Each structure stands twice: as structure tokens, then as C-alpha cells.
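Work through the exercises below with the model open beside you. Try each task before you read its solution.

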Amino acid sequence: MDDSFPTDIVTLVDDEGVEREFEVLDFIENSQGRFYALMPNFELPEENLNSDETYFIFEIIDENGEEQLVEVDDDKLLDSLSEEFERRLGKDY
């Protein structure tokens with residue numbers, strides 16, 4: 001029996017047109033918007049364990065009827081979201 005849970009993966013395209021996969025760690029919706037905590041997804045599970053990369057926080061915005069993920073520019077908001085995600089995830093990142 002497989003006790004693993006399915007992992008939500010999103011693919012983002014960076015400024016150079018390179019596709020990168022991310023694992024969805026968590027989602028927050030509050031009065032300031034909707035936000036994802038995403039961690040880079042690697043080909044092999046042990047790469048995730050050995051990675052010293054952290055997670056990224058993106059805001060979900062609606063642009064011309066389509067959802068887009070954008071970086072959070074407001075440092076105060078980013079700090080607040082980081083604290084909330086880390087509290088919810090129960091981990092030190």
C-alpha cells in the first residue's frame with residue numbers, strides 16, 4: 001500500500017523563458033490577497049533533501065481573466081507572510 005500523498009506541482013516560466021517546476025507547500029488567502037509558498041522541485045527526491053534552497057512566496061493576481069503568479073515586492077508583507085507560512089508549516093526555513 002502506498003501511503004504517500006499526491007504533491008501539487010506548478011510549472012513557472014522565468015524571465016529567460018526557462019520552465020521550472022515547484023512544489024506547492026501552502027496557500028494563504030487573506031485581506032491582502034492570495035499567496036502560495038513554493039519550493040523548487042527536483043528530479044530526484046534526494047536532491048530536495050540536499051538542497052539548501054528555500055521556498056518562494058508568490059501572489060496570485062488576475063490578469064485579463066487569467067491567474068498569474070508574481071513576486072511579492074512589499075518587504076513588510078513578505079516578512080509577515082513568511083512568518084505565517086513558517087508557523088503553519090511548523091518548520092524552520
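Helices (H or I, at least four residues) and strands (E, at least two) are DSSP runs, numbered from the N terminus. The model is predicted: local features need pLDDT of at least 70, side-chain atom pairs count only at pLDDT 80 or more, and totals for chains, interfaces and linings use all residues. Residues are numbered from 1 along each chain as its sequence is written, and side-chain values use heavy atoms, with hydrogens and water left out.

**Exercise 1. Elements**

Task: State how many helices and strands the protein has, and give their order.

Solution. Count first: there are 2 helices and 5 strands. Then read from the N terminus: the order is β-β-β-α-β-β-α.

**Exercise 2. Asp26**

Solution. Step two needs cut-offs: buried means under 20% relative accessible area, exposed over 50%, partly exposed in between (1.4 Å probe, protein chains only). Step three looks at its partners, where contact means heavy atoms within 4.5 Å. Leaving out residues up to four places away in sequence, Asp26 touches Phe35, Tyr36, Ala37, Phe85, Arg88 and Leu89. Take one of these, Phe85: it is 59 residues from Asp26 along the chain, yet their C-alpha atoms are separated by 7.1 Å.

**Exercise 3. The nonpolar cores**

Task: List the residues of the largest nonpolar core.

Solution. A nonpolar core is a set of buried Ala, Val, Leu, Ile, Met, Phe, Trp, Tyr and Cys residues joined through side-chain atoms within 4.5 Å. The largest has 10 residues: Ile28, Phe35, Ala37, Met39, Tyr55, Ile57, Val72, Leu77, Leu81 and Phe85. Strand E3 (33-40) and helix H2 (75-89) are the elements that give two or more residues to this core. A second, separate core has 6 residues, including Val10, Leu12, Phe22 and Phe58.

**Exercise 4. Aromatic rings**

Task: Say how many aromatic pairs there are, and describe the one formed by Phe22 and Phe56.

Solution. Rings of Phe, Tyr and Trp (its six-membered ring) pair if their centres lie within 6.5 Å; planes under 30 degrees apart count as stacked, over 60 as edge-to-face and the rest as tilted. The structure holds 3 such pairs. Phe22 and Phe56 are 6.0 Å apart centre to centre, with 90° between the planes, and form an edge-to-face pair. Phe22 lies in strand E2 (residues 19-30) and Phe56 in strand E4 (residues 56-63), so the pair ties together parts that are 34 residues apart in sequence.

**Exercise 5. Asn64**

Task: Find where Asn64 lies, and say what its phi is near.

Solution. Asn64 is in the loop between E4 and E5. Its relative accessibility is 76%, so Asn64 counts as exposed. Phi of Asn64 is near 55°, a positive value in a residue other than glycine. For background, most residues other than glycine have a negative phi.
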